[in-house]
Amino acid sequence: LDLPAGPHEIPLMITDRLLTRDGQLQYPVSANPQRPWVPEVFGNAILVNGKLLPFCDVEPRPYRLRLMNGSNGRFYRFEFSNRAAFQVIANDQGLLPAPVAVKRLPLAPAERADIVVDFSALAGTTVRLVSDSFDVLQFRVGKQAIPTAQALPAVLHQNAVRLTEKDAVRIRRLTLDEVVDDVQRSMGMLLNKTPWHMPITEKPVLHTTEIWELVNLTEDSHPIHLHLVRFQILDRRPFDVFDYQNRGVLRFTGPAQAPLPFESGWKDTARADPGMVTRIIVPFEGYAGRYVWH
């Protein structure tokens, strides 16, 4: 890629934070001092690399922006205020097989993506990176013309490998559960109805590949992250949540949906949508120990 590191490569950590009127950080806690945590927090301010309402001076040329969603619970749908298309070239664990042109890029908490944005046609103007109604970052494009950089190659990863179901030796079905009180207030989240301090239940064998079926029984999307491995998303498929909760029957209500093109590479964080079974295929390689997932 003709995109050298330095001024033409910009890392961007996007977070939302709760700020008081005097500019202090605030983080809510529950009413129970023995269980002070809350399931998710949404801020009233969007920060980029720790700055509020930031701007960035750029030249009229392509840039590689390295995005990370570092928010607690907020999902972003990134696009530019001029609705221009840009190229997604990488996600969590490296380059995609080929660039993917999009006008909007959703990122769940902990997901990352590298995008290439060409400011060549915007010399002397400004454009904003936005998410829904939020302004995230203003780009101020210089007036001086810059020689056009080499176009992105059609193939980014010469030896891209796509795993299939036949590569797996085991399938695990794991649920995403939410505990609610008598008035339907959320009291916390569980994976496979198992508290953190319980004995380990997932014990993959080194140098084997497994399929994990993430069955989301909650009403929200949740990013699921596995430590020390990389995986690929196989598909997502809607199912009848009521049947599963009451009869333990996994009854699908629609066809499987392939991952979006910019999800086709190696990942370590997958978005598990409500009422969907998200299947990932995971090679367990290179680390003989315990793999955390959350």
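User: Why does Tyr-76 count as buried?

Analyst: Tyr-76 has a relative accessibility of 0%. Buried means under 20% relative accessible area, exposed means over 50%, and partly exposed is in between (1.4 Å probe, protein chains only). So 0% puts Tyr-76 in the buried class. Phe-78, at 1%, is buried by that limit too. Keep in mind that this is a predicted model: local features need pLDDT of at least 70, side-chain atom pairs count only at pLDDT 80 or more, and totals for chains, interfaces and linings use all residues. Residues are numbered from 1 along each chain as its sequence is written, and side-chain values use heavy atoms, with hydrogens and water left out.

User: How many aromatic pairs are there, and what makes Tyr-76 and Phe-78 a stacked one?

Analyst: The count is 10 aromatic pairs. The rule takes rings of Phe, Tyr and Trp (its six-membered ring) whose centres lie within 6.5 Å; planes under 30 degrees apart are stacked, over 60 edge-to-face, and the rest tilted. Tyr-76 and Phe-78 have ring centres 5.1 Å apart and planes at 15°, so the pair qualifies and is stacked.

User: And what is the arrangement of Trp-212 and Phe-284?

Analyst: That pair is tilted: the centres are 6.1 Å apart, and the planes make an angle of 40°, which falls between the two angle limits. Trp-212 sits in strand E16 (residues 208-216) and Phe-284 in strand E20 (residues 276-284), 72 residues apart, and the pair links distant parts of the chain. The strands here are DSSP runs (E, at least two residues; helices are H or I, at least four), numbered from the N terminus. Both Trp-212 and Phe-284 are buried. Elsewhere, Tyr-63, Phe-80, Phe-86, Phe-119 and Phe-139 form one aromatic cluster.

User: How do you know that the charge of Arg-140 sits over the ring of Phe-55?

Analyst: The test asks for NZ of Lys or CZ of Arg within 6 Å of the ring centre and within 35 degrees of the ring normal. The charged end of Arg-140 is 3.6 Å from the centre of the Phe-55 ring and sits over it. Arg-237 likewise lies over the face of Phe-252, at 4.2 Å from the ring centre.

User: What makes Arg-64 and Asp-114 a salt bridge?

Analyst: Side chains of opposite charge can pair when their charged atoms come close. A salt bridge here is a side-chain nitrogen of Lys or Arg within 4 Å of a carboxyl oxygen of Asp or Glu. The closest N and O atoms of Arg-64 and Asp-114 are 2.8 Å apart, so the pair passes. The bridge links distant parts of the chain, with Arg-64 in strand E6 (residues 62-69) and Asp-114 in strand E11 (residues 112-118), 50 residues apart. Arg-64, at 11%, counts as buried, and so does Asp-114, at 7%. Glu-9, Arg-64, Arg-66 and Asp-114 are linked in a network of salt bridges. The total is 21 salt bridges.

User: Which class does each partner of the Glu-165 bridge fall in, buried or partly exposed?

Analyst: Arg-279 and Glu-165 form a salt bridge, with the closest N and O atoms 2.8 Å apart. Arg-279 lies in strand E20 and Glu-165 in the loop between strand E13 (134-141) and strand E14 (170-180), so the bridge ties together parts that are 114 residues apart in sequence. At 13%, Arg-279 is buried, whereas Glu-165, at 45%, counts as partly exposed.

User: Last one: what is the "nonpolar core", and which residues have the most contacts inside it?

Analyst: A nonpolar core is a set of buried Ala, Val, Leu, Ile, Met, Phe, Trp, Tyr and Cys residues joined through side-chain atoms within 4.5 Å. The largest one has 32 residues, and Leu-65, Leu-67 and Phe-139 have the most contacts inside it. Its largest share, four residues, comes from E13. A second, separate core of 16 residues includes Ile-224, Leu-226, Ala-272 and Phe-284. In soluble globular proteins, nonpolar side chains tend to be buried together.
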